[in-house]
Amino acid sequence: MADRIVEPQELSRSCNELLVMAAIARGAGHGYQLALDVEERSDGAFRFNHGTLYPILHRLEERGLVAGAWSDDSSGGRRRKSYALTRKGEKHLVTERKAWGEFFNRFWPMVEVGR
Amino acid sequence: MNGFGPVLRSLSDRLDLPQPARSRVLIEVAADLADLEAAFLERGDSPEVARARAIERLDLSDDAIRELIRVHGSPLRRGLDRLGERGRRRWEKIAIAALLIFLLLGTRALLPSHRLVVDAGRGIWVVLAVAIPGLLLAISKAYLLWGRDEHDPPRLRRGLDTILALGGLTAATGFTLWWLGLREAARDSAVSPELAIAHLLDWLTRGSATVVLSLQLAILLGISWLVLAGRTARVERGEAELLLLEQAETTKGG
């Protein structure tokens, strides 16, 4: 049993945060890599415009779930910000995965027809 | 240099955030736009198409801007950031003046021959062991900022907050030694009650000297951090402004 269940009113926000955190956990660090990772792994089903991505990343950073760090890009001479999960973020990711699993366990029986 | 000037300029106008938060968002967006453009170029798009597609993928809607403003608008952050440029400069000047006065007045107290240091006894070495790395770090950052005129925000930011942390740790060390001294005095008094007053006086002399010195060093580190962080924030903002200027000129030229 999950510690919590995703509430219907937070579906979009929670889904976006989980997708971004999972991409960070897989090693994507910069905004561009994160958007690409999510898009490629989902075969284009989930696609982030960068405009959507920044508020999510900055909100996660504010909550202490991810940590942003500035680094140099030796090739282009441009500063870029990369993100990594914090310990709190790693725990949150596990909880959210379970919460979404529980959500779908309850959701599918509700939308099945003909049984 | 790239050609995202109008996009960044428009974003800068719409992003109602105090500095340096606005500059940081702009620098982050500029780097991602450059990445996106490079990726589209690699996939075979022409430079114009790659640039247009990168801008299309950015798509910072009004909702996204509102959310960014909300996220960066915590009361504390706003309070600090809303000092404004003139206010920030004024505070920076006040902090530098306080630092100089502190150094002038404090130098005598920090000399090894001075009574306070002698009274603090061996505890001072523990306090110094914590404070000196912070002071060296502050000196190295000051050298980067004013000596070498460094304009690389990540390099300037790296380790900056450690100075503040070491300042806090220095003060905490002083107080810990103070309490340990009290414990020692109490134990000695229990062994020889007739010398209890002498033990307590000894603790008061040593303990207060250690606390005063550790607080002086902590204040010194705190003021140093304030000055360095203020200057670094201005370098970051200058960096973003330069980015906008460069791109505005590119747009004019192109």
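## Around Leu34(A)

Leu34(A) touches Val20(A), Ala23(A), Ile24(A), Ala28(A) and Leu53(A), leaving aside residues up to four places away in sequence. Contact here means C-beta atoms, placed from the backbone, within 7 Å.

This is a predicted model: local features need pLDDT of at least 70, side-chain atom pairs count only at pLDDT 80 or more, and totals for chains, interfaces and linings use all residues. Residues are numbered from 1 along each chain as its sequence is written, with chains lettered from A and ligands numbered from 1 in the order in which they are written.

## Nonpolar cores

The largest nonpolar core has 38 residues. Such a core joins buried Ala, Val, Leu, Ile, Met, Phe, Trp, Tyr and Cys residues through C-beta atoms within 7 Å; buried means 20 or more other C-beta atoms within 10 Å of the residue's own. Among the residues with the most contacts inside it are Leu34(A), Leu57(A), Leu26(B) and Val29(B). H2(B) gives the largest share, ten residues.

A second, separate core has 22 residues, including Ala120(B) and Ala229(B).

## Helix H2 of chain B

H2(B) covers residues 21–42; helices are DSSP runs (H or I, at least four residues), numbered from the N terminus. Of its 22 residues, 17 are buried, so the rest of the structure largely encloses it. Just after H2(B), Gly44(B) takes a positive phi of about 105°.

## Chain A against chain B

In all, 20 residues of chain A are in contact with 22 residues of chain B. H3(A) gives the most to chain A's side, with eight residues.

Conventions:
Helix = DSSP H or I, 4+ residues; strand = E, 2+ residues; numbered from the N terminus. Expected span 1.5 Å × (residues − 1). Buried ≥ 20, exposed ≤ 12 C-beta atoms within 10 Å, placed from the backbone. Contact = placed C-beta atoms within 7 Å.
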